[in-house]
Amino acid sequence: MRKQLSGENSSELKNNYILITTRYILIFCCLVLTLIPETDDIPSSSPVDYRSIRALLIFMFILNTSYLLFLNVTKQNLTRFIIFQVIVDLIIETFLIYITGGILSMFVSLYFASILSCGGLVSMRGGLLSASFCTICISGITTLYFLAVLDNEVLPLLSQHPPLSFPKEEDIPFCRAYLIAHGVAFYMVAFLSGHLVVKLARERILHEEILQNMNEGVLVVDTRHNLVFINLTAKQLLELKGDGNFQGRSVRDVFNKEKHIDLLKALMLQKEMSYDIELISQKKKIPIHLSLSGIEIENRIKAYILILSDITDRKQMEEAVKKADRLSTIHEMSATIAHEIRNPLASIRGAIQELRESFPENDPRNLLMDISIRESDRLNRIVTEFLEFSHLRSPILQKCWFNHILDEVILFLQQRVKEFEGVIHSKVEEGLFVLADSGHLRQVFYNLGINAIEACEGQCKVTITASSMDLKEFSQKCKKNFYGDNVSLKGVYVNFQDSGKGVSLESLKKIFDPFFSTKTHGTGMGLAVVNQVLNTHKALIHIESIPQKGSCFMLWFPENLENLQKFTKIYRKDNTGN
């Protein structure tokens with residue numbers, strides 16, 4: 001909307017300049033006409049002295065200059081300012097025609113300029129109203145002149161020397177034909193100028209307005225490397241500042257040689273090309289697809305059009321596809337890994353246990369065997385978690401009460417947190433429930449709790465909260481657009497907050513990837529399973545982390561999953577890129 005208003009304002013300002021410039025030209029032409037000696041061929045064509053007319057034209061010149069000075073003041077009402085100018089012009093023109101002979105005045109043609117201005121710069125309706133005004137005025141002046149000649153009277157503001165001799169009674173047919181012809185001409189000019197404006201406005205909307213409001217940046221450069229056109233999106237992407245008037249300037253002067261080096265190379269080469277570049281806009285890198293092609297007119301290239309497309313979404317989609325391909329490969333490998341590792345591992349562990357029992361208790365070799373058994377258990381746990389991730393069963397939906405599930409999870413976590421000399425605080429509202437798989441929920445909460453505890457160094461502090469919250473409120477809390485059209489969808493908000501070392505921005509991007517872990521003895525499967533469970537439950541997650549201060553995992557579960565169509569317009573995006 002802002003872009004459209006800006007374009008309209010610029011167009012109206014341009015119209016004002018056109019009107020004022022045209023008026024200067026007409027005033028100059030009229031002054032030249034007053035310098036031509038009067039002949040006797042036209043009877044009583046000018047009942048006043050030419051010096052008075054020149055004085056009036058000079059007054060119009062001064063008035064026109066004041067219009068130019070007032071343009072900056074009237075920027076919010078430029079169309080009304082045009083209407084005001086046309087009304088003043090019509091009044092002055094009518095007075096000028098009145099004192100210079102009526103229909104025989106050489107200034108009657110000025111009416112056409114005013115009608116054309118109003119119809120062309122305002123609207124067809126304005127032009128028709130101007131034509132009506134001119135027709136009435138010229139008819140009224142002619143009638144006054146006829147009555148003055150008939151009664152041999154002196155008209156106001158006129159001193160006839162000699163007395164008026166036109167129009168007489170025998171001149172009535174000529175006057176009638178003259179007025180009809182001019183009336184028809186006035187309306188034809190109004191109609192045609194208005195029709196032309198409508199057509200031009202449609203063409204401008206079709207070309208300029210559409211180009212200005214495109215999501216892609218569009219630049220047009222001539223063969224001499226001068227900028228012909230640049231739309232608002234391109235200005236924003238390239239962060240161009242200044243007065244905004246870049247047309248006609250060389251691309252070397254407009255663009256920054258360091259920030260826009262790839263863009264300048266393409267424009268200077270002036271060859272058809274298409275490739276991806278990176279632009280730094282608002283202190284972040286934006287992937288851009290650059291496409292340059294020639295504009296051919298009469299078998300000759302007259303200019304080049306450059307299109308800049310923001311491909312951030314496409315890049316994110318490509319990353320998502322790559323990630324999905326990696327996960328698909330992992331899933332296919334899981335069955336083989338289970339048979340090739342788990343079964344031999346159980347045999348190795350059993351053999352070591354048998355050997356250990358054959359040695360005395362104080363045998364130093366027992367230490368090596370204990371290490372082997374412990375590492376076998378650890379490897380078995382990794383394989384088990386991996387298989388759970390690869391073959392996660394479909395959720396069995398039932399009414400799950402959060403206070404019961406979280407109480408059980410916190411009870412288990414209390415035993416684990418004692419090893420870290422920590423404490424767990426919890427605040428769970430009563431009566432919270434969702435339709436979900438209770439086993440999956442326990443798995444998610446337990447993994448997040450263990451992750452929070454193990455993230456702490458020294459004394460551990462973990463806070464778990466749960467409350468009722470609709471989707472819009474959760475989106476506002478996370479400052480993300482999760483909700484789409486489902487602004488009032490009810491659900492449950494769960495928050496796991498720790499006082500650990502936090503997670504870096506680079507690690508956040510990979511935090512849900514299988515086998516990725518920042519912990520020394522981590523398997524990298526816990527949060528991968530959490531992410532998969534949340535996906536199957538159409539739940540949302542948002543992570544906020546400050547290095548050396550802690551992390552906050554915010555989850556939102558929809559209250560009812562029976563009608564999954566409600567979630568088709570929810571966009572699951574968080575600061576991890578998932």
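Author: Asn16 is found in helix α1, where helices (H or I, at least four residues) and strands (E, at least two) are DSSP runs, numbered from the N terminus. The model is a predicted one, in which local features need pLDDT of at least 70 and side-chain atom pairs count only at pLDDT 80 or more, while totals for chains, interfaces and linings use all residues. Residues are numbered from 1 along each chain as its sequence is written, and side-chain values use heavy atoms, with hydrogens and water left out.

Asn16 has a relative accessible area of 0%, so it is buried; buried means under 20% relative accessible area, exposed over 50%, and partly exposed in between, with a 1.4 Å probe and protein chains only. If its neighbours within four places in sequence are left aside, Asn16 is in contact with Leu71, Leu78, Phe81, Ile82 and Gln85, contact being heavy atoms within 4.5 Å. The C-alpha atoms of Asn16 and Thr79 are separated by 8.3 Å, although these two residues are 63 residues apart along the chain.

A nonpolar core is a set of buried Ala, Val, Leu, Ile, Met, Phe, Trp, Tyr and Cys residues joined through side-chain atoms within 4.5 Å, and the largest has 44 residues, with Leu96, Tyr111 and Ile138 having the most contacts inside it. A second, separate core of 42 residues includes Leu448, Cys456, Val530 and Leu534. In soluble globular proteins, nonpolar side chains tend to be buried together.

On a 1 Å grid over the protein atoms alone, a cavity is a set of points where a 1.4 Å probe fits but cannot get out, and lining residues have an atom within 4 Å of a point; grid points are joined across faces, edges and corners, and a volume is the space filled by probe spheres set on the points. The structure holds 3 cavities of 30 Å³ or more, and the largest cavity has a volume of about 140 Å³. This largest cavity is lined by 14 residues, of which Arg23, Leu26, Asp89, Glu93 and Ser114 lie nearest its centre. The elements that give two or more residues to its lining are α1, α2, α3 and α4, and α1 gives the most, with 6 residues.

Terms used. 1 Å grid on protein atoms, 1.4 Å probe; cavity = no way out; pocket = protein on both sides within 12 Å on 5 of 7 lines; lining within 4 Å.
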